[in-house]
Amino acid sequence: LAGIDIAKRRGARYRLGPELEICGYGCSDHYYESDTLLHSFQVLAKLLESPATQDIICDVGMPVLHRNVRYNCRVIFLNKKILLIRPKIALANAGNYRELRWFTPWNKARHVEEYFLPRIIQEVTGQETVPFGDAVLATKDTCLGAEICEELWAPNSPHIEMGLDGVEIFTNSSGSHHVLRKAHTRVDLVNSATAKNGGIYLLANQKGCDGDRLYYDGCAMISMNGETIAQGSQFSLDDVEVLVATLDLEDVRSYRAEISSRNLAASKANPYPRIKVSFALSCSDDVAVPTCMPIQWRHHSPEEEISLGPACWLWDYLRRSKQAGFLLPLSGGIDSSATACIVYSMCHQVCLAVKNGNADVLADVRKIVNDETYVPEDPREFCRRVFTTCYMASENSSQDTCNRAKLLAEQIGSYHINLNIDAAVKAIVGIFSMVTGRTPRFSVYGGSNRENLALQNVQARLRMVLAYLFAQLTLWTRGMPGGLLVLGSANVDESLRGYLTKYDCSSADINPIGGISKTDLKNFIQYCIENFQLTALRSIMSAPPTAELEPLVDGQVAQTDEADMGMTYAELSIYGKLRKIARAGPYSMFCKLINMWKEICTPREVASKVKHFFRMYSINRHKMTTLTPSYHAENYSPDDNRFDLRPFLYNTTWSWQFRCIDKQVNAL
């Protein structure tokens, strides 16, 4: 309603909203419930009755049951009358999308049926039936056709045939989530749609966290004849954003008239059913009305995307979970430091939104900090109220990482705690020794690999237990109400390799960097040094990544991540992309890498690296079943919940696959 009201006040005659906006895109299996359909119609009735929706064509999204089949629909209405219900034709069913689980695509091209309205709608509209199907709207001055999200990405997008049949304005209601470096693809698709065929294209997308791992990243846009006319923000804390443009239909007509190949195809086009609408988008005396000019699309760098996307997702999660802030185990390494910087960026975004007059954000802030008069002005001061960091030292921790964590906490303003876990570790190991009569030792003291790993895991798991204890009671000790959400900080590469202890500090409530690679996180840290003046990050950047779970040698760290893993983070990133994005098994990955790495590795070395990766990946895959919910940012994420569906009990010898590799190595 707020969006429609703003659009109307700014002179719009047609208003488009994002996909399934009435119920929210992320209902998932709640779509099976008749309640979801009922409540959607109840909301639709409220919209139809509202004075705000009069004298403007409104295009809203909701699920609709037609002849006992559930469809993802656009409901287009004007002045308390439904003009058309347009079901989605091409459903998104890859990656994070599961639309075929809940909806059926409309497979009757250019076909319209009668839809019998429920009584609560009949009482408002006075209509018993309305058109349902694949049709377009013919107003007094133009013709409009709808696409829904995935249909823009399909090879046979409806806008092609609609454009050839004379549709001049295309609309797309989207539920498209953020992935690093993806925004330009969406923009290119929209602009190319109108470049080839002429026309005006409107895209409205969801924005924010919709209750799961995804962040819908806005980027609403209006395009005409291949050029961007208006651009919406990709990341912001505004609940409602409206783009409006005034364009000249004659520009579409003259553009099309010059494309002879398009006109030849148009002369043979199959016509769409047209729903006649006694309404005009233009006025008869609008000759002097200025039209909007093309603009250059402004893309964020990947570092800016990391700074803004997960920060907005964290803010949505914090305000909707009604918690009082976050707690992060801050180790002084790149991953936990990057997580801390994202929270600091969130604090920046909140202060900026309040400064710009966002009353909703201010109201949320006051609820979170439990102070009805508070106004956040300084990000560091706000950070101290909502963000607690905790360095959990052991006898294996170096003074360097302790100092780095403390300095970074000072620079971002978090409430910082230093504690030592040695007493708890000794107590746990003591219980084991008392029961078994055996005392495990680290390998540097003559212990076996099993003992060494078990002693590391005890430290790691105790940190998780302590993190949750301090998250629940830290504010209590400070005389403040509420509890804290625990943040995890395992990156996407470590999850893929399984380089983490099950139920250690990677186990948390949410993880803002769980879908981001080590390479991108390093670049993000550099961005934070330059943009937030966080000089403490310089020493963190230059230090080798380490878990600090094995004894120090002469007071210095002897354990490093890359040595432990048997591969570099750069290699791990390549394995991840080949495994998921290129859909490569061990043999295919070997075949691709012998060419990619021919300057630096022999085929036998490549074979050894590929085998080691797949062995470690398959041994540790079970850890993905308990992976902390992470912000989805990479298309090679190993998230087991929905995105990357694989077994978690493997034959880790990969005997057939590895024999194929060996045979190829011998041939080479």
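Trainee: Is Arg253 buried, exposed or partly exposed, and what is its relative accessible area?

Mentor: This is a predicted model, and every value here is computed from it. Arg253 has a relative accessible area of 31%, so it counts as partly exposed. Buried would mean under 20%, and exposed over 50%.

Trainee: Which residue does Arg253 meet in a salt bridge?

Mentor: A salt bridge pairs a side-chain nitrogen of Lys or Arg with a carboxyl oxygen of Asp or Glu within 4 Å. Here the partner of Arg253 is Glu250, with 2.9 Å from N to O. Glu250 is partly exposed, because its relative accessibility is 46%.

Trainee: How many residues apart are Glu250 and Arg253, and in which helix?

Mentor: Both are in helix α8, residues 249-257, and because they are 3 residues apart, about one helical turn separates them.

Trainee: How many salt bridges does a search of the whole structure find?

Mentor: The search finds 33. One of them joins the side chains of Arg86 and Glu151, at 2.9 Å from N to O.

Trainee: Are Arg86 and Glu151 buried or exposed?

Mentor: Arg86 is buried, with a relative accessible area of 1%. Glu151 is buried too, at 0%.

Trainee: Where in the chain are Arg213 and Asp639?

Mentor: Take the bond first: Arg213 forms a salt bridge with Asp639, and their closest N and O atoms are 3.6 Å apart. The pair links distant parts of the chain, 426 residues apart. Arg213 is in the loop between β11 (207-209) and β12 (215-217), while Asp639 is in the loop between α23 (603-620) and α24 (655-667). Asp639 is buried, with 9% relative accessible area.

Trainee: Which residues form a negative surface patch?

Mentor: For a patch, like charges without a salt bridge are joined within 9 Å. The negative patch in this model is made of Asp248, Asp251, Asp285 and Asp286. Asp286 is in the loop between β15 (274-276) and α10 (302-321). At 30% relative accessibility, Asp286 is partly exposed.

Trainee: What is the phi of Cys149?

Mentor: Most residues other than glycine have a negative phi. Cys149 is not a glycine, yet its phi is positive, near 40°. Its place is the loop between β8 (143-148) and α5 (150-153). Cys149 is buried, at 4% relative accessibility.

Trainee: What about Gln533: what is its phi, and where is it found?

Mentor: Gln533 also has a positive phi, of about 55°, although it is not a glycine. Gln533 is in the loop between α18 (518-531) and α19 (537-542). With a relative accessible area of 54%, Gln533 is exposed.

Trainee: Which residues is Trp102 in contact with, leaving aside its neighbours within four places in sequence?

Mentor: Contact means heavy atoms within 4.5 Å. On that basis Trp102 touches Ser28, Asp29, Tyr31, Tyr32 and Arg70. Trp102 is in helix α3, residues 99-102, and is buried, with a relative accessible area of 8%.

Trainee: How many Å separate the C-alpha atoms of Trp102 and Ile581?

Mentor: The separation is 25 Å, and the two residues are 479 residues apart along the chain.

Notes: Residues numbered from 1 in each chain as written. Predicted model: local features only at pLDDT ≥ 70, side-chain atom pairs only at ≥ 80, totals over all residues. Heavy atoms only, no water. Patch = residues over 30% accessible without salt bridge, like charges linked within 9 Å, V, L, I, M, F, W, Y side chains within 5 Å. Areas by Shrake-Rupley, 256 points an atom, 1.4 Å probe, with all protein chains shown as cover. Lys, Arg positive; Asp, Glu negative; His and termini not counted. Charge placed at Lys NZ, Arg CZ, Asp CG, Glu CD. Helix = DSSP H or I, 4+ residues; strand = E, 2+ residues; numbered from the N terminus. Buried < 20%, exposed > 50% of the residue type's maximum accessible area, 1.4 Å probe, protein only.
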